[in-house]
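This report is meant to be read beside the sequence and the coordinates. Please keep both open while going through the sections.

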Amino acid sequence: MSVDGISGDRETVRVERLQMLAAIKDEQDDRDVLLAALHHAGAELGGLGGMAHLHGAEAIRSMRLIASSGLSRAFTRPWRDISTDGTAVPARAFQEAAFVWLPRIAPPEPGFVHTPTVSHLAGAPAGAGIAAVPLPGPAGSLGVLSVVTSRSSGEPDAAQRVFFEDVARWAAGRLRLVSPEPEGVPPALLEPDPGQVRALRTVAVGTWDWDIHTGDLAIDDVLLEEIGIDPASFDGRVESWVDRVHPDDLPWMLGVTDRTLHSRTPLEYEFRLRRGDGSYGWVRMRRGVVLGDDGEPSHLVGTVWDITQTRAATESVSRALRHMSDGFLSVDGQWRIEFANVAAESLFGSSPRLVGRLLWDVPALGGMHGLEERCHRAVAEGSPGSFDVQWPDSDRWYDVRLVPVPGGGLTVYITDITDRRMREAAQRAAAERATLVGQLTLQLAKAISREDVVTAVADSVLPAFGATGLVVSTLESDRMNVVGSAGYPAALRERLHGLSAALATPVREALRTRTPQFNVSADLQADHCPELAELAALSGTQAWVFLPLTVSDREIGAAVVSFDKPRRFEDDERTLLTALSGLIAQALDRASLYDDAITRAHSLQHALLPRALPSLPAATSAARYLPAGTATEVGGDWYDVIPLSADRVALVIGDVMGHGMSEAATMGRLRTAVRTLSDLELPPDELLARLNDIVAELGDDRFTTCLYGIYDPVAGLFTYASAGHPSPAIVHPDGTVAFPSAVPDPPLGVAAPPFDTVETHLPAGSLLALYTDGLVESSDRDIGDSMTALARILRTGQSDDLDSLCDTVLKALIPLGRGPSDDAALLLTRTHRLAPEDVAEWPLPEDPIAAGLARRHISQQLEAWHLTELEMTTELIASELVGNVIRHATGPISLRMLRSRTLICEVSDSSLTTPHLRHASLSDEGGRGLQLVAAMARRWGTRQTPTGKCIWTEQAIPS
């Protein structure tokens with residue numbers, strides 16, 4: 001293996017050693033911690049053994065040997081006490097607070113407290129060295145770890161030193177004298193909550209050595225002073241020590257000593273010792289046996305320290321546990337009860353019956369489901385656990401807390417939490433009520449219509465009270481009108497209006513008293529209101545709550561909540577339902593106003609738009625209008641299809657900018673103006689010019705876009721003018737879609753006539769699509785994409801009926817549920833041509849013979865069209881019209897006849913003079929011709945042409 005490979009393996013081993021140390025549990029005592037540290041440090045440094053010294057009180061300038069590993073007692077005896085001012089390796093490491101290594105072991109300075117002086121190190125091999133590192137603490141070194149290294153190991157390298165220091169930091173952090181110091185501790189050694197540092201305490205630990213053969217007892221003078229004995233008065237005899245033992249403790253202590261000598265195993269025990277002032281204090285002694293060369297015990301050695309204060313604290317804790325208000329049990333590792341306080345005895349029985357019994361053999365505890373499993377889990381995991389339980393045969397609740405004890409066993413705390421649970425239950429109920437009120441308030445705030453209010457109440461109130469049905473009624477003209485219900489079958493919902501009389505009696509009582517009426521059962525209700533028997537039989541309801549809905553002393557209506565079982569209502573439920581009725585009433589009142597506004601808005605919108613589009617020979621149309629904003633707002637978009645003379649059709653679409661009643665009123669005025677101007681047979685550019693004057697008079701803040709076009713079925717031409725409006729889409733029979741590229745003039749109100757006119761030829765069966773910008777403009781889609789989508793839909797849906805095609809366009813361009821950002825209007829028109837055989841036209845001379853020629857042409861054409869029954873009337877009309885042209889106008893003169901739904905007769909000339917009806921006197925020779933024409937024709941009129949004027953008439957064609 002390469003050098004790098006070996007180095008890597010050693011580094012892996014060091015990490016694993018640190019991880020093993022980190023896994024050691026916190027409950028290990030100081031000696032176990034130090035032994036673990038010595039073991040791993042010695043293994044890494046190739047050591048023969050190790051020692052751990054701890055520094056005592058700050059005033060004592062010495063360190064005491066606390067633990068050793070792998071070294072004989074003869075070797076460690078000189079190292080029991082080391083002066084911190086000396087030159088020994090551990091002392092130097094303590095002084096320098098750094099790593100120290102010597103290639104050979106030198107004996108420490110002689111101890112100064114009854115420690116025998118030696119001139120050599122028993123059992124130390126030749127060439128052995130010693131390495132030492134301090135145990136770091138918050139106020140200085142706590143002590144020193146030392147490792148005796150072998151000759152072959154040599155001086156520790158840098159990696160071994162770092163590892164030795166890491167182990168020392170870990171050991172210092174685990175000592176009960178001080179908590180871990182987080183800064184500088186390797187991550188592998190950090191444990192949870194390393195930052196809580198406790199103050200360094202004085203180590204009042206002394207060592208002693210009793211020579212069994214001579215009876216000499218060597219004890220630290222410092223310890224003697226600590227436990228109140230003057231070192232000068234102590235003669236060093238074991239008998240003098242024994243005389244100070246409390247008489248009650250002496251017999252068993254001598255017995256312990258005898259057992260120690262025979263078993264040769266270390267023991268630790270506590271007893272009372274008389275102080276110099278005659279009082280007794282508690283000490284703890286740990287002893288072990290040292291064998292002589294003959295293999296028999298020659299010395300008893302150990303440590304002793306004063307525990308008077310600790311013992312007093314323990315007894316104080318015991319008294320506190322005994323009389324604490326909570327039940328307390330101490331259980332050993334065999335699950336037997338060792339201690340029970342007064343509160344536990346009152347719960348389980350007297351102490352003699354409890355102590356010594358298995359925990360789950362106690363009847364009250366044995367009946368707790370899962371207690372044994374919980375206890376085993378708490379001890380196995382080493383973490384506390386708790387659960388709430390209702391005490392058997394009682395309405396009291398207790399919290400049972402299981403806390404594991406180091407070394408096995410656990411403590412059980414039993415706390416009465418009945419009052420707390422009652423408070424928590426009350427708090428939960430209050431929180432649930434607050435949540436319900438908050439939830440209903442939020443839902444009602446979102447509710448717009450009365451239907452929304454019913455849905456919000458059904459979703460929030462019914463589940464909270466376990467109700468099954470809801471009926472909401474409004475009071476209209478002193479009658480109850482059901483506006484919504486929930487939880488009832490469809491067949492019953494249809495009869496709710498008929499059953500409103502059954503609800504009237506309790507509802508009116510609730511409204512009269514302004515308080516809810518609670519009917520807890522159908523039997524009780526039948527006595528007060530027999531009419532409800534039918535409702536109960538149909539719906540299966542057994543209890544009702546009648547909530548009056550009032551706002552500012554105004555009776556709005558009532559809400560009836562029903563239950564499928566008899567039900568009693570607690571006071572807090574009654575209070576809550578009363579509060580909810582106010583919220584429901586306010587929401588229903590707002591919703592009623594909204595519904596009324598919706599009705600008025602819809603009525604106004606329908607009144608302003610065409611009720612139905614006319615069915616004309618030259619055009620078949622369908623339209624859709626979709627307002628933006630809330631449903632209470634009306635928009636300013638409009639469309640219209642207007643029949644003109646000669647089977648021509650005027651198509652118009654416009655958009656008044658803005659929303660609301662004012663814009664809708666403006667739209668209505670403009671639509672009326674367009675229809676009036678169209679009756680004058682004005683061309684598109686002239687009509688928009690006059691409409692521009694009307695808009696300008698409305699004010700500077702009124703802007704309107706408009707497109708007006710006329711379709712002529714004889715010539716197949718569509719002529720239009722646009723004021724700021726999007727171009728129409730033209731779909732030819734072959735499927736091609738075109739958007740005329742003419743630039744529209746500015747909107748009406750800011751435009752300056754004349755307006756440009758666009759003329760396009762439409763083959764028979766073409767489709768025209770007029771629309772407002774709200775259809776193709778949106779914030780989340782480019783207008784070019786919308787125009788492309790519109791063209792694709794019109795192309796693929798050209799064969800569909802126009803109503804379906806309108807719906808398809810709206811669905812594609814305005815997704816369902818989102819609505820347009822602006823009003824959207826769409827007008828689709830499929831054009832039709834007038835067949836050539838239904839059109840006849842003749843030029844006439846400017847001569848009186850023109851009337852005769854006109855009659856001859858009419859006679860021949862009507863015979864060809866099989867309309868001879870109209871011959872005499874039509875000849876008379878044509879003679880009058882031609883005669884007027886000969887007398888009052890100039891040529892050239894032409895006569896045209898169209899056969900459509902009506903028979904159309906037109907006479908054109910080059911004069912701009914328009915004839916008018918007038919009342920002729922008895923002496924007038926003329927003035928009666930137009931009266932005769934008007935009497936014989938169904939409709940008549942005049943219109944301007946590019947070369948003059950045209951007078952036209954329409955006659956009904958016999959079926």
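## Basis and confidence

The model is predicted, and local features are reported at pLDDT of at least 70, side-chain atom pairs at pLDDT 80 or more, while totals for chains, interfaces and linings use all residues. Residues are numbered from 1 along each chain as its sequence is written, and side-chain values use heavy atoms, with hydrogens and water left out.

The chain has a mean pLDDT of 80, with 85% of its residues at 70 or more, where pLDDT is the predictor's confidence in each residue, from 0 to 100. Over residues 110–120 the pLDDT stays under 50, and the model has 13 contacts for this stretch beyond four places in sequence, a contact being heavy atoms within 4.5 Å. Residues 178–203 also have pLDDT below 50, with 45 contacts in the model beyond near neighbours in sequence. Where pLDDT is low, the predicted coordinates should not be read in detail.

## Salt bridges

The count of salt bridges is 30, each being a side-chain nitrogen of Lys or Arg within 4 Å of a carboxyl oxygen of Asp or Glu. Asp209 and Arg80 form one of them, with an N to O distance of 3.9 Å. Asp209 is in strand 7 (residues 205–211) and Arg80 in the loop between helix 3 (73–76) and strand 3 (81–83), so that the pair links distant parts of the chain, 129 residues apart; helices (H or I, at least four residues) and strands (E, at least two) are DSSP runs, numbered from the N terminus. Both Asp209 and Arg80 are buried, where buried means under 20% relative accessible area, exposed over 50%, and partly exposed in between (1.4 Å probe, protein chains only).

Glu573 and Arg567 form another salt bridge, their closest N and O atoms lying 3.0 Å apart, and both residues are buried. Asp909 and Lys949 meet at 2.9 Å, N to O. Because Asp909 lies in strand 34 (residues 902–909) and Lys949 in strand 36, this pair ties together parts that are 40 residues apart in sequence; Asp909 and Lys949 are both buried.

## Helix 15

Helix 15 (residues 450–465) has 16 residues and reaches 22 Å from its first C-alpha to its last, close to the 22 Å expected at 1.5 Å a residue, the expected span being 1.5 Å times one less than the number of residues. The helix has a kink of about 30° centred on Ala458, the bend at a residue being the angle between axes fitted to the seven residues ending there and the seven starting there.

Buried residues in helix 15 include Val453, Val457, Ala458, Val461 and Phe465. Just after helix 15, Gly466 takes a positive phi of about 70°.

## Nonpolar cores and a buried strand residue

The largest nonpolar core has 51 residues, of which Trp638, Tyr639, Leu688, Leu691, Tyr708 and Phe755 touch the most other members. Such a core is a set of buried Ala, Val, Leu, Ile, Met, Phe, Trp, Tyr and Cys residues joined through side-chain atoms within 4.5 Å. Leaving aside residues up to four places away in sequence, Trp638 touches residues including Leu609, Val652, Met667, Arg671 and Cys706. A second, separate core of 35 residues includes Leu444, Val453, Phe518 and Leu549.

Thr953 is placed in strand 36 (residues 948–956) and is buried, with a relative accessible area of 0%. Beyond residues up to four places away in sequence, its contacts include Ile877, Leu903, Cys905, Val933 and Trp940.

## Backbone and contact details

Most residues other than glycine have a negative phi, and most peptide bonds are trans. Ala97 has a positive phi of about 50° although it is not a glycine; Ala97 is found in the loop between helix 4 (89–96) and strand 4 (100–102) and is exposed, with a relative accessible area of 52%. His866, also not a glycine, has a positive phi of about 60°, lies in the loop between helix 25 (849–864) and helix 26 (871–888), and is exposed at 68% relative accessibility. The peptide bond from Pro753 to Pro754 is cis, with omega near 10°, and Pro754 is in the loop between strand 28 (737–738) and strand 29 (758–761).

Ile212, in the loop between strand 7 and strand 8 (217–219), is partly exposed at a relative accessible area of 25%. The C-alpha atoms of Ile212 and His299 are separated by 5.4 Å, although these residues are 87 residues apart along the chain.
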